Protein chains: 4
Amino acid sequence: MIVIMKPKSPMEEIINLKQKIEGENNISVNVIQGKEYCLLGLIGDATEVDADKIRANEFVENVKKVQQPYKLSNRLFHPDNTVVKIKNESIGGDELAVIAGPCSVESEEQIVSIAKDVKKSGAKFLRGGAFKPRTSPYSFQGLRDKGLELLKIAKEETGLPIVTEIMSIDMIDKFVEDVDVIQVGARNMQNFELLKQLGKIKKPILLKRGISATIEELLMSAEYIMAGGNENVILCERGIRTFETYTRNTLDLSAIPAIKKLSHLPVIVDPSHAAGIWWMVEPLAKAAVAVGADGLMIEVHNDPANAKCDGQQSIKPKVFQELMEDINRMISVKMNREYEVINV
Amino acid sequence: MIVIMKPKSPMEEIINLKQKIEGENNISVNVIQGKEYCLLGLIGDATEVDADKIRANEFVENVKKVQQPYKLSNRLFHPDNTVVKIKNESIGGDELAVIAGPCSVESEEQIVSIAKDVKKSGAKFLRGGAFKPRTSPYSFQGLRDKGLELLKIAKEETGLPIVTEIMSIDMIDKFVEDVDVIQVGARNMQNFELLKQLGKIKKPILLKRGISATIEELLMSAEYIMAGGNENVILCERGIRTFETYTRNTLDLSAIPAIKKLSHLPVIVDPSHAAGIWWMVEPLAKAAVAVGADGLMIEVHNDPANAKCDGQQSIKPKVFQELMEDINRMISVKMNREYEVINV
Amino acid sequence: MIVIMKPKSPMEEIINLKQKIEGENNISVNVIQGKEYCLLGLIGDATEVDADKIRANEFVENVKKVQQPYKLSNRLFHPDNTVVKIKNESIGGDELAVIAGPCSVESEEQIVSIAKDVKKSGAKFLRGGAFKPRTSPYSFQGLRDKGLELLKIAKEETGLPIVTEIMSIDMIDKFVEDVDVIQVGARNMQNFELLKQLGKIKKPILLKRGISATIEELLMSAEYIMAGGNENVILCERGIRTFETYTRNTLDLSAIPAIKKLSHLPVIVDPSHAAGIWWMVEPLAKAAVAVGADGLMIEVHNDPANAKCDGQQSIKPKVFQELMEDINRMISVKMNREYEVINV
Amino acid sequence: MIVIMKPKSPMEEIINLKQKIEGENNISVNVIQGKEYCLLGLIGDATEVDADKIRANEFVENVKKVQQPYKLSNRLFHPDNTVVKIKNESIGGDELAVIAGPCSVESEEQIVSIAKDVKKSGAKFLRGGAFKPRTSPYSFQGLRDKGLELLKIAKEETGLPIVTEIMSIDMIDKFVEDVDVIQVGARNMQNFELLKQLGKIKKPILLKRGISATIEELLMSAEYIMAGGNENVILCERGIRTFETYTRNTLDLSAIPAIKKLSHLPVIVDPSHAAGIWWMVEPLAKAAVAVGADGLMIEVHNDPANAKCDGQQSIKPKVFQELMEDINRMISVKMNREYEVINV
């Protein structure tokens, strides 16, 4: 961490601040006198030094971080990729992990039929919302507990592990019992009370990036879960909010190599929610594979025009099958480099 | 709602869609044939028609909303300003409501001392965080239950009603008992499970705009609370996330006249969190008053350099006093127009 | 175009507006009376109707466009892909067009050496800046006329057509003579005086998307050039400005299928400027190919650490060669669908 | 400037880089060895050191600037406010400078009538576009040379100095002769060739912030003009592009105190273009005065519903008069602090 003092700050105040920082932390402070600005360089583990607190000093112009503020999710301290095991499958290893299914569970027939279809095409996990976060209180809110029951039936029929979204702390016990991967949606990425409780269990957590979260904030939210003791965290890029309105959000594929470099956690891509348009799912899914994602999360519905939510971004089983064939061709090609961004 | 069909859509499909929409909703549909595009105009209350579901039809190019999707918070159906009563004070009436206090409660001495100072300068409410949402799990998380106790002591000493942030459903009972205004922070603006529960109580709710929430989304979140039966909702603009990094967020003061026009709910401004820089609080607070806000929420600390959080954006009691004097001068001046945007 | 009248607008005013619109344009106007709102539906070619002018009517609540405001660049009126011919090469046809070279031309030895390297690896065009738009007046501004001369030498040595950026109208004559593709940089995407003049020549124009331009605005800028008579326009996505700061800009790959659907013009991707980080160029270039781009524009430098500009985002010739090998493997794989988004 | 080396960089490479930086610049470099990272602190005037060039070194993780990259516009080296003199008026001094007039000049009658009206209400400058940058080539492009002539007539009739927008280098001679303040529009803020030429004249330049320009980039563009020798630069905040679509752009009033602190140049606010909605102009103009702007630029039209452009954001002369009365009342009130942000 580097502290930039205001021009013409009295040396006495600079020394006071140096001593205060050293006194409150296990840190030593170098004073560097530049032409206009005097700087303090903090030597040691500055992860837990509160930059805003230093900024509150009236002689401080600005504070710049040198080290990332996350530790457990940081590749610097954990060079090898984390592979999250779920039943007989895994996310983060050599194989691309594909999660597919409808936006929301609507009926036994619907979820079982889609589960069978996506399994046949090569999906390894079944997604389906039981509890749905909707912008409007007047929209369909999901089948809730009933939806979880239907997911379990689909799992029995197909063997596919279940991925579904949790919305509050009081659901945790039930999810631990019924669900294979607990999804934290974009809107709850900074629901810190929920994250803390999810840190106390062992279930894999699929943590989606908030629509206006920086990559650093996403990793800090993963850190909340890991700091509690749960290291089974899978990250998911699903589009960020920008000024462009043609797509619902803007898929940030640069985030994939960035996260690969900064963290050892697996990261997947959800092109369906990012675009919000079904015919964009195919090209964006292929781009996600090409950019180095560990997996995909794709909305598939057997009757999009009558889906209870997000039909406009769901692809039909046949389109999903063709997409999987194309992706398999893509990954069959040997590449010179498999994105060794870790070492650059 | 207007549905734009794809160019060259078969008339049969257009009629099918018309009948489907009419069958599922209490709506009649006009077909308008343009030069390139055919349009469907939905006549009736389209608030509960799901635009995305229509978008999922393969012959639909796009759907445009005509009517706002919120009803209870909509000024169209409730022309008069809502005034929220809290003890002997109110927010949304003729007087500017000023909420002041530290970012977080740190000790009895601290909170009581600041409460007395801000009351003397004219604040009508005391703010102070007991439960703190922090980006890092390694940062100070608030005194939690202890913090609530200290707030109650400060209230006893000064008579100021308390405004403090709730972070999860299981805290509601305690907050109903101890707190006068329950704040929902920006990160929880779309924590819909929480909003639903807050709809079931009668306490005033201070709902902060999420850093990437549109004005419409903010009003939809208010709608969640109101649809549950709690109409005591106060909105708060506190800065949005943009590309500019000089300030922590960008205070969107245009949102104030916009919300005044769209909704009857009171709306206040928090310049402290928006800017994240203490010396900007003064000019931004005055601008908020000039633009027509119903109140202000300002961080005041007696020792910012040693505050446990957000010291860099807190002003000292003396600065707050001068600010209040200036604001009182401003509002003493009679204006030609008091922003009758409602009727434009 | 749909005009939404304010609730309770007098019918007389609605009729006045209808007649005014019909009188000023070759348009007929349907009046649709909804429950709360009255709408006007404009039938005919509304491309040249000025929405803002209608918005200025005091009884108008809002105006929604139905039809895209561009015509010459619109796929609706020109279903087949445009293929831009440049010497013996083309952009927009079946083959991926790769443009490569240094950010700026620095010396004869540098530009000739890089040109030979990228040609050997399969690039079809040489890029290199002679006139450089730099944020700071104190940064290297390019070799200017001397740079153009060196580009011509590199072209003579390798046969590669030259792509380079123009910065003002007075350079057009020289560029027409010396250059094969005239690039309009992101900062000049809405330099309308320049666009108008470029519409009067026949040289292919590579039009880069402004960092905060919507897809529609990009197509409107293409329309300026085409309206002047020059239909040889190639679009380029090069990253947009968002809140994320890890990358210089956020590459918006969704823009590629979006543009393919909306327009017949070819569109390429510049991953170097988008990311601003050399080790991201490889994965993003592959993603651009997977998403369906017609070409790539890549910064290659033989000595990035001593480059006069943008060394941090330039890859070395050896890395470029490996990237080209990987891309060739990718495009050798036959896909089920070649993104027929045009017809969806 | 601080250079952060990659963890485990060889000491030899660190020393090489130190020597290279010292060799190429008049700078001395301190090496600071932290726990994980080694830092280089650059001592001296680093304004002209190219951070991107250092970033291109393969052992460099990141580079952080300490000092602002602008000099001539920097308050650090020029503590007193710049006051730009225009005829008998000035911008940047004790009085609020109000510029008013129509978006575009349409006829002699129109511009003279509006000029008289706004003068009577207290405007000190007349605005009016002769050359109009329009998103669509099919929109009204301004009366061009004819418009300049009409502006001169209005000036003769009222004595009000003229502010109007320039769009390319070849117009400079004419503007120097006919115009009192030359406006550079948001779209041309980084048209560096134009800025360089405007640096060679003495006319005051009104430089509008680009819709996606940071405050630092705005000041760098001012620096281009000042580096050429023209120090008569007035800055203008006119809204930035964000995700919020209710307003055309988001007025960033925090930019005013920020610019006041960073620079000695005067800064005014254009609420009309920011909001794009006429009934927001009043509250936003008052907020701009309250936040400390040196002036306002306001669109006034005698017949907005028939204006050739931007009628929807123009206020009528009567509304302007009431606004001016209100503003005069506001500034008649004595404040405790006149935003001495300069010294904080």
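Author: T158(A) sits in helix α4 of chain A, residues 145–158. Helices are DSSP runs of H or I with at least four residues, strands are E runs of at least two, and both are numbered from the N terminus. This is a predicted model: local features need pLDDT of at least 70, side-chain atom pairs count only at pLDDT 80 or more, and totals for chains, interfaces and linings use all residues. Residues are numbered from 1 along each chain as written, chains are lettered from A and ligands numbered from 1 in written order, and side-chain values use heavy atoms, without hydrogens or water.

T158(A) is buried, at 6% relative accessible area. Buried means under 20%, exposed over 50%, partly exposed in between (1.4 Å probe, protein chains only). Leaving out residues up to four places away in sequence, T158(A) touches A115(A), K116(A) and K119(A). Contact means heavy atoms within 4.5 Å.

Next, the barrel. Eight strands of chain A close it, in the order β7-β8-β9-β10-β11-β12-β13-β14, with parallel pairing. Neighbouring strands of this sheet are turned by 30° against each other on average, direction ignored. Two strands pair if DSSP finds at least two bridges between them. Strand β12 (residues 233–237) and strand β13 (residues 267–269) of chain A run parallel, joined by three bridges. There, E237(A) stands opposite V269(A) in β13(A). Helix α8 of chain A (residues 255–262) packs on the sheet and touches β12 and β13, its direction making about 170° with that of β13(A). Axes are lines fitted to C-alpha atoms, for helices over the stretch in contact; angles run from 0 to 180 degrees between N-to-C directions.

Now the charges. R209(A) and D252(A) meet in a salt bridge, 3.0 Å from N to O. R209(A) lies in the loop between β11 (205–208) and α7 (215–227) of chain A, D252(A) in the loop between β12 and α8, so the pair ties together parts 43 residues apart in sequence. Both R209(A) and D252(A) are buried. A salt bridge is a side-chain nitrogen of Lys or Arg within 4 Å of a carboxyl oxygen of Asp or Glu.

Another salt bridge joins E217(B) and R241(A), with the closest N and O atoms 2.7 Å apart. This pair crosses between chains, from helix α7 of chain B (residues 215–227) to the loop between β12 and α8 of chain A. E217(B) and R241(A) are buried too. A salt-bridge network links D52(A), R55(A), R248(B) and D310(B). Over all chains, the structure holds 106 salt bridges.
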